Amino acid sequence: MSTDRPTQSEPTRRKRTDEIVDAIKESIISDNLLPGDRLPQEKDLITRYAAGKGTVREALKSLEVQGLIRTKTGPGGGAFIESMTETRAMSLLSNYLFTRQLSIGNIYALRKALEPLVAVSAIDNIDAKGFEQLHQLITVYDHEPADEAERWEQRMAELDFHGVVASYSDNVLLAFICHFLQRLLKDLAVCKDIYLRPEPVERSVGINYQYRLIEAMRRKDADLVAQVMTEHMQHAEDAMLGLEATLEERFLRDGPL
C-alpha cells in the first residue's frame, strides 16, 4: 500500500493578458485618468509590462469590449479612457440574462429586499428638488389613462418614481442594482404584455404607499421608510403576479391574439 500523500493541484496560472488588463485598470486609478485622457502609447505599454505586441493589443481589445477604453486610429490616435454609462453597464448585464428564464418573482425577490434599503440610504441626500420630482411623477399616473400610449407612460412613470428614490442613495452599488431591477421590469417581455393590456389597475393603494414614503423620508424616519417600502413592494409584486395570471388565463382561453 502506497504511503505517498496525494499532491494538491496547483492553481491555474492567469493569462498574461488578464494580468495586463488588471494592471492597466489599476494604473487608470493611480494616475487619476479621466474620460477622454489617453493611455500610454502601445510601445510604452509593451515596455512597462514586458509583454509582446500581440499580448498588449489583446489586453487593450479586452478593455475596449468592456467599455472602459476606446481606440482611435490615425494621427492623434491611441487608446482613450471611456466613460462607462449606467445605461451601457445595464445593457451588458441584460445581455447576460437574455437567455435565462427570468420571472417577475425573481425580480421582486430582490426588490423586496433592496428597495427598502435604498430608500433608507437616500434619506440624508434627497432634497426639495427630489421630493418635487416624486410628486410630479405621481401626477402622471394618479388618474385613468385616456389611451394605450398614456397607459404605457403611466407604468413607466411608476417605475421612475423608484428610480428617483434610488438616485439619491449614498450607496452607488445598491442604487445601480435597484435601477437595474427597475429596468428589467420595463424590458421583460411578460411585463410589456401586462403594461399594454387594458386590465383594471388599483392605483390608489400604491399611490398611498408612495405619499406615505415621501412623508417618512421628509421626517427622516428610517424605520417607517423601510416598513412602508417593504409593504409597497409586496403589494406591487402581488399586483403584477395577479395581472400575469389574468394574462395567462386569457391566453389559454382565447388563444394568441
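Predicted model: local features only at pLDDT ≥ 70, side-chain atom pairs only at ≥ 80, totals over all residues.

Modeller: Residues are numbered from 1 along each chain as its sequence is written, and side-chain values use heavy atoms, with hydrogens and water left out.

Biologist: How far apart are the end C-alpha atoms of helix H5?

Modeller: Helices are DSSP runs (H or I, at least four residues), numbered from the N terminus. The expected span is 1.5 Å times one less than the number of residues. H5 has 19 residues, 104–122, so it should span 27 Å. The distance between its end C-alpha atoms agrees with this, at 25 Å.

Biologist: At which residue does H5 bend by about 35°?

Modeller: A bend is the angle between axes fitted to the seven residues ending at a residue and the seven starting there. In H5 an angle of about 35° is found at Arg-111.

Biologist: Is Val-21 buried or exposed?

Modeller: Buried means under 20% relative accessible area, exposed over 50%, and partly exposed in between (1.4 Å probe, protein chains only). Val-21 lies in helix H1, residues 16–30. Its relative accessibility is 5%, so Val-21 counts as buried.

Biologist: Which residues is Val-21 in contact with, leaving aside its neighbours within four places in sequence?

Modeller: Contact means heavy atoms within 4.5 Å. With those neighbours set aside, the partners of Val-21 are Ala-59, Ser-62, Leu-63 and Gln-66.

Biologist: How many residues apart in sequence are the parts tied together by Lys-15 and Glu-58?

Modeller: A salt bridge is a side-chain nitrogen of Lys or Arg within 4 Å of a carboxyl oxygen of Asp or Glu. Lys-15 and Glu-58 form one, at 3.3 Å from N to O. Lys-15 is in the segment before H1 and Glu-58 is in helix H3 (residues 53–65), so the parts they tie together are separated in sequence by 43 residues.

Biologist: In the salt bridge of Glu-144 and Arg-203, is Arg-203 buried or exposed?

Modeller: The two side chains meet at 3.3 Å, N to O. Glu-144 is in the loop between helix H6 (128–141) and helix H7 (148–167), and Arg-203 is in helix H10 (residues 203–218). Glu-144 counts as exposed at 59% relative accessibility. Arg-203, at 10%, counts as buried.

Note on methods. Helix = DSSP H or I, 4+ residues; strand = E, 2+ residues; numbered from the N terminus.
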